[in-house]
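Please look over the fold and the packing of the structure shown here. A short report follows it.

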Amino acid sequence: MYSEKVMEHFANPRNVGEIEGANAIGEVGNAKCGDIMKIFMKIENDIITDVSFKTFGCGAAVATSSMATELVKGKTIKEALNITNKAVTDALDGLPGEKLHCSVLAEQAIRAAITDYYKKNAMDPLPIVGCDLNCSDCASEH
């Protein structure tokens with residue numbers, strides 16, 4: 001059973017589409033369920049000034065993408081990196097267990113966009129992001 005917030009973010013997602021001139025783009029996907037999330041950000045002076053998403057997937061994937069954009073908008077990069085899948089789930093008043101992977105994808109998409117931003121600006125994302133999401137080189141699976 002989905003919460004009212006999940007249903008609201010699915011029926012009326014916030015921040016949908018691409019941002020023209022985005023300087024940070026992160027795309028992640030889960031081959032098991034077919035969900036693919038792409039987050040677009042404009043980052044200026046370490047602040048996420050604009051954010052949007054495009055998601056192919058189930059209602060929970062759309063809702064978690066929508067909520068993730070709401071949670072990072074106006075935040076510093078450091079604050080955005082502290083947004084976990086649990087924070088996304090909590091902000092939606094919970095998700096069914098079989099849909100928790102959607103909140104994980106939302107967290108990963110945020111991190112992937114910030115990683116992209118650092119790479120585009122010739123900075124090593126590893127010390128800041130903690131992982132470049134290239135899981136073949138990473139000890140942890142995302």
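The report goes from the overall fold to the helix contacts and then to the aromatic rings.

## Overall fold

This is a predicted model. The protein has 142 residues, of which 43% count as buried. Its secondary structure comes to 6 helices and 3 strands. The order from the N terminus is α-β-β-β-α-α-α-α-α.

Among contacts in the protein with a separation of 6 or more, 55% join residues 24 or more positions apart.

## Helix α1 against helix α2

Helix α1 covers residues 4–11 and packs on α2. The angle is about 90 degrees, and the axes lie 8 Å apart. An angle of 65 to 115 degrees counts as roughly perpendicular, so α1 and α2 are roughly perpendicular to each other.

From α1, the contact takes in V6, H9 and F10. From α2, it takes in G59, V62, A63, S66, M67 and E70. By class, these residues divide into 5 nonpolar, 3 polar and 1 charged.

## Helix α2 against helix α5

Helix α2 (residues 59–72) also packs against helix α5 (residues 100–120). Here the axes are 9 Å apart and the angle is about 40 degrees. That angle makes α2 oblique to α5. The crossing of the two helices is right-handed.

On the α2 side, the contact is made by A60, A61, T64, A68 and V72. On the α5 side, C102, S103, A106 and I110 take part. The contact of α2 with α5 has 7 nonpolar and 2 polar residues, and no charged ones.

## The aromatic pair

How many aromatic pairs does a search of the whole structure find? The search finds 1. The rings belong to Y117 and Y118, with centres 5.7 Å apart. Their planes stand at 70 degrees, so the pair is edge-to-face. The cut-off for that class is over 60 degrees.

Are Y117 and Y118 buried or exposed? Buried means under 20% relative accessible area. Y117 has 12% relative accessibility, so Y117 counts as buried. Y118 is at 8% and therefore also counts as buried. Both positions fall within the residue range of helix α5, 100–120.

How values were computed. Residues numbered from 1 in each chain as written. Predicted model: local features only at pLDDT ≥ 70, side-chain atom pairs only at ≥ 80, totals over all residues. Heavy atoms only, no water. Phe/Tyr/Trp six-rings, centres within 6.5 Å; stacked < 30°, edge-to-face > 60°. Buried < 20%, exposed > 50% of the residue type's maximum accessible area, 1.4 Å probe, protein only. Axes fitted to C-alpha atoms, helices over the stretch in contact; angles between N-to-C directions. Helix = DSSP H or I, 4+ residues; strand = E, 2+ residues; numbered from the N terminus. Parallel < 35°, antiparallel > 145°, perpendicular 65-115°, else oblique. Left-handed = near helix turned anticlockwise from the far one by under 90°. Contact = heavy atoms within 4.5 Å. Nonpolar A, V, L, I, M, F, W, Y, C, P; charged D, E, K, R; others polar.
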